[in-house]
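Hi there,

Here is the structure I said I would pass on to you. Have a look at it first, and then read my notes below.

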Amino acid sequence: MSETLILCATTRLAQTLRGELPSGLAVWRTPRTATLAQWLAEQADAMQVAGDAELPAPLDPYAERLLWERVVAASLDAASPLFDLPAMAAAAADAQALCRTWGLTPAAVSDECRLFAAWQADFERRCRAAGWLDAAGFQAEVIARIEAGRGRLPEAVQFAGFDRPTPLELRLRRALAARGVAVGELPPGQPGAVDARRLECADRAAECAAAVAWARQRLAADPQACLGIVAPDLAGVRDRLEFLLEDVFHPAAVRPAAAGAPRCFNFSLGRPLADQPLVATGLELLAVVGSRGALEQSRWSALLLGGGWGSEAEADGRAGFDLALRRDLPYFTTAHGVLRLARRLGERGEMPCPNSVAALGELLARLEAWPRKQLPGAWAAAFRDALKTAGWPGDRALSSHEFQATRAFAELLAGFGRFDALLGPVGFAEAVRRLRELCRQRLFQPETRGRPAIQVLGVLESAGLEFDGLWVIGMNDDQWPPAPRPSPLLPADAQRTAGAAHASAEVELDFAQRVQARLLRSAPEVRFSYARADGNRVLRPSPLLAGLPGSGEAPVPPPTLAATLAAAAGCERLADDRAPPVGPGEKVAGGSWLLRAQAICPAWAYFQYRLGAEAVDEPVEGLDPAARGTLVHAALEAFWRATGDSARLAALGAGRDGAVADAVRAALDAYEAERRIALPARFRELEAGRLQRLLGRWLDVESRRGRDFSVVACEQPAEVEIEGIRVRMVVDRIDRLADGRRVIIDYKTGRAIDVANWAGERLTEPQLPIYAALVADEVAAVVFAKVLPDKPAFAGVADEADLLPGVAGLGDERQKLFDPALFPDWPAVVAHWRERLHAVAREVGDGVAGVAFADEGALKYCEVLPLLRLPERRRLLAEAGVS
């Protein structure tokens, strides 16, 4: 063979060298390039074709991890479920690679090293028995055969991009030279940086923005330029960099139709195949539908609301089915439960997505017909059939990236059978778990046509590449040089002596110096940037930047897409703080909740109660706070309907606990009947105990009331018209005192109770004031009953002192809520409430709907919070200089 072989440190470098266009030539021979692993695999194939003794089969990385898991689990025996087997297997595989590459051997210097020595012996025994070799051992075996004179070698080999050759690589160089091969280094194509500077940035975000702004300026000046952005911690900044590059260079990509359009940039760091949307959907279809137990309802919701299976025309219908599922099914739900709900809806003619549900039913039937256990290869065929049955990956045309992702998944599934010998027969859940792990380990990078103008790389992936300009971000002392990471399974002294990768601070310093010197030779213009801070943490520049001159001000970040659109000619500003007034005959829902929302934030009231927007219920395990509050209300209602007044409460004596237990039982029975569910027996018992203790503590407070009373109404409905708005409400309880006056009570089971607003301009808790001012006569007090496990108490205001324990009267010096100068007596308080309620109701009628509030914390329970666009409001206020 007469041509020269170029052995490259990375696949990217090999592809780049093959695609280079020599200047001044119309015809040329494409350079022969390969990575070390690729070429040694080719040599092994050629040796076997030539009749050489059969080589052991190399284990791919996932198969090697599986074998290490078997070895580790066998050594731990019954204790293996207590350990993180995948993590221990990964550490063992790394230690084995260090042994092969750097010539290390385990030694009994610590418990960890002794344990690894035993693992290694078992691992190698299993490999010999099955005819396998780990990847590094396979490379060493091929090199040994080259040393023995086997294989057909090129006349010349040039090494490219190797920052710090390992002993295994040096051994190959010696073997090639001994066989008469001319061995050398690929010379650099340019002399190196003539303009190398460092730049200080405020934080990581500013660093990324500066790098993207620099790339924009360079490409504006020279559209043919080839630029590089390198980061030691590429995984940590990838998302931010990708967002900025998209926003600056491809703003149209915000449209879904442009998601797969070509980009002028490319990342060397792929994402796990399992994170690709269609692949994630396929894996979740198998896991959710095939689960024999109950799963969280949120997983069913994600499946129904996501695309990639069934008919895309039923997307809205699947969303409707998800609402029914949230409403009618428990937190943990089985596939059979979902299908039963679908049948009930279908019988009523309310099934919104019949085709999708039919596909799920057929998929479930196929899954249940399979054997309990079978080999991975058999599961692969079953999975393909199941996904086809479910209509995966959907009926719409796939983008280029989606097509590549589904093809990669199909290839991976086709090779799943190679784990038959390692895993043996496994159950369905185990097979899906292993397939998901395999997809997580497989990095997916869509194919890029041509050479993009901007390459975003890690420091290793940048080896041997050359650019017209290079920006290196993240050059802080906590990242550069990298921190040492010696293997805990091998002797630390041996690792340091051998100079193994990541063995010590000295090794990492040498590595960083070599890489930095190489980066300085990669482009005529090089910028090294670092951040001054990361949140509240102060950062320092890497000491390796000492001696580089500063570059002054950072490039000005380009405007974002949103800012560009906002500044565009013809962009019209509209005032959105006014809604159409309430028209004649228009019905406005919400009752007292409408007035409460209007008082807190007018936009909340408009979106939720006039436009009808509402949040989708989130399923919870057990009882959510609202359900628990409902049970407290129902139990107190049952108790007082049976007890009636304070005299009977006092007369109960020791029998009070029995009366409380009866009331709690009635409340739980009513709850189950209304929701057509049966709480688990143990759960119901625990909830009954909680309610009994809670009511017992509250009734202790009721027993301390100094005035006799009788309960004349529980859950009392009422209706009143305020400024043309009909308000319907339900009062939790009304007590009558001996003199005929009424006490209005509202139960509260949460800790956030605000009565201070009753003396203010906006009544954010208006229900009791509405009843006292506009419905009932002769009201003596309005109070919240804080039914809490600790510190239960009344909170509110009364006409006079000592009507209720802890509630101050208007004439009491302890009363600080209502200023005596403004509210000399009870009629003044009622008049104030009446005036403020009418004012807020007029706002609703006039269409006041702006995003205005006194305290953002009051929006905690707003169901339409995303519609208020609070981040945008904060930005506009900041631009206006309003704090």
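Let's begin with Cys-127, which is buried, with a relative accessible area of 4%. Please keep in mind that this is a predicted model. Does Cys-127 have a partner, or is its sulfur too far from the closest cysteine sulfur for a bond? The closest one belongs to Cys-99 and lies 14 Å away, which is too far for a bond. A disulfide would need the two sulfur atoms within 2.5 Å. Cys-264 is in no disulfide either, since the nearest cysteine sulfur, in Cys-226, is 12 Å away. By this rule, the count of disulfides comes to 0.

Next, find helix α10, which covers residues 277-289.

Together with Phe-321 and Phe-409, Leu-285 touches the most other members of the largest nonpolar core, which has 87 residues. Helix α4 (residues 85-102) gives the most to this core, with 9 residues. Leaving aside neighbours within four places in sequence, Leu-285 is in contact with residues including Leu-303, Trp-309, Leu-360 and Trp-392. Apart from this core lies another one, of 50 residues, among them Ile-734 and Phe-823.

Now turn to the sheet. Its 5 strands run in the order β21-β22-β23-β24-β25, the sheet is open, and the pairing is mixed. The edge strands are β21 and β25 (793-798), each of which pairs on one side only. Neighbouring strands are turned by 35° against each other on average, direction ignored. Helix α29 (residues 826-846) packs on this sheet, where it touches β21, β22, β24 (779-786) and β25. The direction of α29 makes about 65° with that of β24.

Finally, zoom in on β21 (residues 709-722) and β22 (residues 725-737), which pair in the antiparallel sense over 12 bridges. Which residues of β22 stand opposite Cys-714 and Pro-717? Cys-714 faces Arg-733, and Pro-717 stands opposite Val-730. This hairpin has 2 residues between the strands, and there Glu-723 takes a positive phi near 55°.

Enjoy exploring!

Best wishes

Methods. Residues numbered from 1 in each chain as written. Predicted model: local features only at pLDDT ≥ 70, side-chain atom pairs only at ≥ 80, totals over all residues. Heavy atoms only, no water. Helix = DSSP H or I, 4+ residues; strand = E, 2+ residues; numbered from the N terminus. Expected span 1.5 Å × (residues − 1). Buried < 20%, exposed > 50% of the residue type's maximum accessible area, 1.4 Å probe, protein only. Pairing = 2+ DSSP bridges. Core = buried A, V, L, I, M, F, W, Y, C linked by side-chain atoms within 4.5 Å. Contact = heavy atoms within 4.5 Å. Axes fitted to C-alpha atoms, helices over the stretch in contact; angles between N-to-C directions.
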